[in-house]
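I opened my notebook to look up pockets, ligand surroundings and charged pairs. The entries follow in the order I made them.

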Amino acid sequence: MTYIAKPRLHHPTLACNAIGYTRRDYEGKVSTLCAGCGHDSISAAIIQACWELDIEPHRVAKLSGIGCSSKTPDYFLGQSHGFNTVHGRMPSVLTGANLANRTLLYLGVSGDGDSASIGLGQFAHVMRRGVDMTYIVENNGVYGLTKGQFSATADPGSVSKKGVTNTDSPLDMVGMALMLGASFVARGFSGDKRQLVPLIKAAIAHKGAAFIDVISPCVAFNNHAGSTKSYEYVREHNEAVNRLDIMPARAEITIDYADGDTIEVEQHDGSVLRLHKLHADYDAHDRVGAMNYLQAHQAKGEVVTGLLYVDPEARDLHAHLDTVDAPFNTLGERELCPGAAVLEKINAGLR
Ligand SMILES: Cc1ncc(C[n+]2csc(CCOP(=O)(O)OP(=O)(O)O)c2C)c(N)n1
Ligand code: SF4
Ligand SMILES: [Mg+2]
């Protein structure tokens, strides 16, 4: 229950990260989601990723919309900034916050209903603008919170718990993120933390719009035979393109050239993504190739996971707009009111 606070005292032998925090310092309140819900596994993966990256919790701003998935920011990073927005409106609030203060790490958490149905327009614009953020969609193919109606990501032919067959075409969030210009695009599965934690770490280290679609079974309404978002279905049809390690910038970098199937991708902050290719024909730098690969495997009924595309040279919205480095709330009167002469110059340029 959310009103039950977790004990603050930690066991003295708990391991600490480089800045002295235990993993428990990255937890939030007790989850109220159904036992076995995939979303709780994603929260655990976010906690693990932030702990391993030695992120100071107060440097994170977590934003979400409405839905079981959008409730989850209450269950991790209890000492971070949080904003639970209106249904489908998280991207615009995140964009505004990011423009006002670029010194925080932005984490958008949403659902397939929140981002692919009511929030589709907002999703499109936050991706094409290249807002520097990690955007996670906890994708279960249904509106879990409102009792299991099909969402826009439900596959045609999939059957609801009540026995209704979906006839609509699905929206593929990964395909859309690629098309819209996201500079880091990945798909994970809540049941595969070994793959998901490094994906989240790499997305956080990425400068630009990083998107992760995480298939996250809804055990209450979409985990039965006939569902294509159930634990069983995804385990059987998971097609991983690569395996990822990430080495933070400050750690000593050792590169192993011996393995011909490993690529190193340096991020803007100097951290290195090491991609172990599982499929020799897969190139994570090729946006069009990623789209084709996705479509071809989707047609075979496979759920492609892994890091599908990354542009390590990406420019974010601040670079596009040439904004000031300092957060707006630290700007003084001199910067905000530069005087009549400057105003005259601006007006002259508009005549
Ligand atoms: C403007 C508005 N319309 C509709 C709703 C009802 N509503 C609440 S959550 C939700 C769907 C949530 O689905 P999703 O984002 O997939 O989250 P899940 O619960 O599946 O994690 C809907 C339609 C609402 N809260 N606000
Ligand atoms: S209804 Fe579905 S999505 Fe919501 S908490 Fe339960 S299992 Fe998770
Ligand atoms: Mg959903």
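I sorted the lining of the largest pocket by class and got 14 nonpolar, four polar and seven charged residues. I keep in mind that this is a predicted model. Next I looked up the volume of the largest pocket, which is about 490 Å³. I then asked which residues come closest to its centre. Of the 25 lining residues, these are Arg59, Leu105, Ile204, Ala205 and Asp269. I also checked the elements that give two or more residues to this lining: β3 (105-111), β4 (133-139) and α7 (193-205).

**Ligand 1, the shell.** I moved on to ligand 1 and found 17 residues around it. Cys68, Ser69, Gly113, Asp114 and Gly144 come nearest. By class, I noted six nonpolar, nine polar and two charged residues in this shell.

Which side chains place an N or O atom 2.8 Å or 2.9 Å from an oxygen atom of ligand 1? I noted His39, at 2.8 Å. I also noted Asp112, at 2.9 Å. For Gly144 I had to look at the backbone, where an N or O atom lies 2.8 Å from an oxygen atom of the ligand. I then looked up how much of ligand 1 is covered. Taken alone, ligand 1 exposes 590 Å², and the protein buries 75% of that. The elements giving two or more residues to the shell are α2 (68-71), α4 (112-117) and β5 (142-143). I marked α4 as the one that gives the most, with three residues.

I cross-checked a few names against my earlier entries. Cys68 and Gly144 are also among the residues that come nearest to ligand 1. His39 also has the side-chain contact to ligand 1 at 2.8 Å.

**Salt bridges.** How many salt bridges does a search of the whole structure find? I wrote down eleven. I followed one of them, where the side chains of Lys29 and Asp74 meet at 3.7 Å, N to O. This pair links distant parts of the chain, 45 residues apart. I placed Lys29 in the segment before α1 (38-52). I placed Asp74 in the loop between α2 and β2 (81-84).

Terms used:
Residues numbered from 1 in each chain as written. Chains lettered and ligands numbered in written order. Predicted model: local features only at pLDDT ≥ 70, side-chain atom pairs only at ≥ 80, totals over all residues. Heavy atoms only, no water. Near = heavy atom within 4 Å. Polar contact = N/O pair within 3.5 Å; in protein donor to acceptor, adjacent residues only side chain to side chain. Areas by Shrake-Rupley, 256 points an atom, 1.4 Å probe, with all protein chains shown as cover. Helix = DSSP H or I, 4+ residues; strand = E, 2+ residues; numbered from the N terminus. Nonpolar A, V, L, I, M, F, W, Y, C, P; charged D, E, K, R; others polar. 1 Å grid on protein atoms, 1.4 Å probe; cavity = no way out; pocket = protein on both sides within 12 Å on 5 of 7 lines; lining within 4 Å. Points joined across faces, edges and corners; volume = space filled by probe spheres on them. Salt bridge = Lys/Arg side-chain N within 4 Å of Asp/Glu carboxyl O.
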